Amino acid sequence: MGVAVSPRALQTDEAGLIVQQFGSMTAENAMKMGPIHPEENRYNWAGGDSIAAFAKRNNLKLRGHTLCWHNQTPRWMFTDAKGDTVTKEVLLQRLKDHITAVVTRYKDVIYAWDVVNEVISDRPDEFYRNSVWYRICGEEYIARAFEYAHAADPKAILFYNDYNEINPVKRDKIYKLVKDLKDKGIPIHGVGLQGHWSVYEPTEEALTATLEKFKGLGLQVQVTELDISVYPKEHGRRERKPEDADAAYTTEREQKQIQMYDMIFRVFRKYKGTLTAVTFWNISDRSSWLDNFPVPGRKDYPLLFDKDLKPKKAFDEVVKF
Ligand code: G3I
């Protein structure tokens, strides 16, 4: 069981909970392109190094996140000194240099990488997300990223990672992308299902269908960013509405969350051979990215530990079996 962490959390009482309750960590932001490589000739290793050092000190596994994404990518990556958009050749070389530097630095502590994140479009009529990477390189950067990562660390388990994986249309596109890469002999070893769910979704049928589908690939499957929002799932940021003031962790929301956590871990256990890890996105309800997404400043309660780092009733459902 893993958890996404920030360097700041490792300096607080959350550090004790991480060591006590989890066997693996993921850097929530510190190892992403923008934070770790802010300028072409400057890397900012401090945050990533502190997480890597904590993992070594406490004998925790470490997942790397993420080497190539459309978000949190520094502007310099796509532009030359005059501010013009770079060519495909230049961008692929920059991607190679970045991946080689980051993967090599953490070769002795990171066992798995989310190499490429969220390249599948949410639009039913579109296969690839129309990102700057795609506009400059077409789909080629995806396969190249896996080859660069494998060359830098042949032992690392390399994942493609995405969200909304329980949506049949999106799921089938993710499946096709990964199968095509595998069939072409690209070094891909696993699929990361983010698992940003809610007390309203997925259904047991949808979750089972998703795990059954990806089991068929013969690759590792991991749930990489699990959280169960107490609000209906929305995939886009929006303005606050008057009804968003209703943001308490009511008994009704707690009950729904207990049932959802119970169901998903019952299903996870059925796929023990295929599902090789489950990572929670953030540590406790003290602070979650969902406190500001999709609604800025609307408190959410998506995790198994409350703001005082105490196990919630949902925790009991997950650990009893
Ligand atoms: O570090 C800067 C800080 O210097 C500045 O003062 C502050 C105010 O703007 O921003 C800080 O950066 C924030 C960063 O988190 C670190 O806290 C960014 O604004 C904020 O956008 C960023 O949010 C992260 C988000 O990815 C970015 O898209 C969330 O913490 C992180 O949980 C979230 O994680 C993603 C996964 O990587 C991929 N899957 C979806 C998941 C949720 O969006």
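Here, buried means under 20% relative accessible area. Keep in mind that this is a predicted model.

Q: Are Tyr261 and Phe280 buried or exposed?
A: The cut-off for buried is under 20% relative accessible area. Tyr261 falls in that class, and Phe280 does too, so the word for both is buried.

Q: How many aromatic pairs turn up in a search of the whole structure?
A: Rings count as a pair if their centres lie within 6.5 Å. Searching the whole structure on that basis, the number of aromatic pairs found is 17.

Q: What kind of pair do Tyr261 and Phe280 form?
A: Their ring centres sit 6.3 Å apart, with 40 degrees between the planes. Stacked needs planes under 30 degrees apart and edge-to-face needs over 60. That makes this pair tilted.

Q: Which parts does the Tyr261 and Phe280 pair tie together?
A: The two residues are 19 apart in sequence. Tyr261 belongs to residues 251-270 and Phe280 to residues 275-280, so the parts tied together are helix α9 and strand β9.

Q: Why is the pair of Phe305 and Phe315 tilted?
A: Both of these residues are buried. Planes under 30 degrees apart would be stacked, and over 60 would be edge-to-face. With centres 5.3 Å apart, the pair is tilted because its planes are at 50 degrees.

Q: Over the face of which ring does Arg63 lie?
A: A charge counts as over a ring if CZ of Arg is within 6 Å of the ring centre and within 35 degrees of the ring normal. Arg63 is at 4.9 Å from the ring centre, and the ring belongs to Phe159.

Note on methods: Residues numbered from 1 in each chain as written. Predicted model: local features only at pLDDT ≥ 70, side-chain atom pairs only at ≥ 80, totals over all residues. Heavy atoms only, no water. Phe/Tyr/Trp six-rings, centres within 6.5 Å; stacked < 30°, edge-to-face > 60°. Helix = DSSP H or I, 4+ residues; strand = E, 2+ residues; numbered from the N terminus. Buried < 20%, exposed > 50% of the residue type's maximum accessible area, 1.4 Å probe, protein only.
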